[in-house]
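Thanks for coming, everyone. I would like to walk through one structure with you this morning, so please have a look at it before I go on.

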Amino acid sequence: MHQLIAEFLGTALMIVFGVGVHCCEVLNTSKYQNSGHIFAITTWGFGITISLFIFGDVSINPAMVVAQAVLGNIPWSSVIPISIAEVLGAIFGSIVVFIAYYDQFKASKDIDRVKIRNIFSTNPNVRNLPRNFFVEFIDTFIFITAILAIASIKTPGIVPIAVGLLVWAIGMGMGGPTGFAMNLARDMGPRIAHAILPIPGGKANNDWQYGILVPGIAPLLGAACAALFARGFLGL
């Protein structure tokens with residue numbers, strides 16, 4: 001139960017930073033509107049670092065949970081409960097951000113509704129589902145492989161800092177096509193929150209087809225392949 005609560009809270013905090021920075025960058029009357037993608041990607045990276053420092057040995061990502069199961073570090077029976085805790089945490093974190101930025105949402109009724117939806121969830125600039133799927137697969141493969149390699153270095157404090165830098169680097173290098181979700185909970189939790197929250201000015205369609213396929217399934221497959229590669233080639 002302690003692990004499930006840690007996954008819930010760790011994912012929620014990650015989303016407070018991540019969805020929060022998108023609110024900050026997109027919404028009218030925000031102090032830092034139009035700050036740009038470097039502002040957003042850096043906050044995601046630092047936010048994940050802080051979550052990992054506070055909550056320690058957490059995955060905050062169903063893709064990492066699957067990788068740990070493939071490696072035999074956790075039982076397969078734990079994959080669904082931990083992943084559900086993470087998705088619920090992401091929903092909770094999104095609700096916290098919505099309450100914090102409610103005045104800015106009210107002032108942003110003139111902003112395109114798809115842009116408002118994209119505060120919560122990822123979206124491709126060019127919709128090509130096979131290519132979008134490939135991007136999320138390869139992003140997650142690199143992400144999980146790198147984290148497993150980093151974790152093998154037994155230096156205190158190295159994992160949170162290095163994972164934050166890793167998120168920053170992947171976002172800069174491969175974030176352009178899809179927004180680099182690499183995490184079912186990161187996308188699905190806020191996407192669900194967007195569907196249920198009373199957002200002033202209305203809402204765009206939630207695009208569940210994309211949400212389930214690209215930031216949902218692709219990271220899980222990428223993580224499973226990363227775990228097999230890490231074990232078979234890197235000897236981890």
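Predicted model: local features only at pLDDT ≥ 70, side-chain atom pairs only at ≥ 80, totals over all residues.

F17 has a relative accessibility of 28%, so this residue counts as partly exposed, where buried means under 20% relative accessible area, exposed means over 50%, and partly exposed is what lies in between, with a 1.4 Å probe and protein chains only. Residues are numbered from 1 along each chain as its sequence is written, and side-chain values use heavy atoms, with hydrogens and water left out.

F17 sits in helix α1, residues 2–26; helices here are DSSP runs of H or I with at least four residues, strands are runs of E with at least two, and both are numbered from the N terminus. If we set aside neighbours within four places in sequence, F17 is in contact (heavy atoms within 4.5 Å) with T43, G47 and I50.

Let me turn to the charged pairs. How many salt bridges does the structure hold? There are two, a salt bridge being a side-chain nitrogen of Lys or Arg within 4 Å of a carboxyl oxygen of Asp or Glu. One joins D207 to R127, with the closest N and O atoms 2.5 Å apart. D207 lies in the loop between α9 (184–196) and α10 (208–232), and R127 in the loop between α6 (113–120) and α7 (129–151), so this pair ties together parts that are 80 residues apart in sequence. D207 is buried at 12% relative accessibility, whereas R127, at 41%, is partly exposed.

The side chains of D187 and R191 also meet in a salt bridge, at 2.8 Å from N to O. These two residues are four apart in helix α9, and so are separated by about one helical turn. D187 is buried with a relative accessible area of 0%, and R191 is buried as well, at 1%.

Finally, the nonpolar core, meaning a set of buried Ala, Val, Leu, Ile, Met, Phe, Trp, Tyr and Cys residues joined through side-chain atoms within 4.5 Å. The largest one has 59 residues, and those with the most contacts inside it are C23, F105, I119, F143 and I144. Helix α1 supplies the largest share of this core, eight residues. Not counting residues up to four places away in sequence, F105 touches several residues, including C23, I119 and P200.
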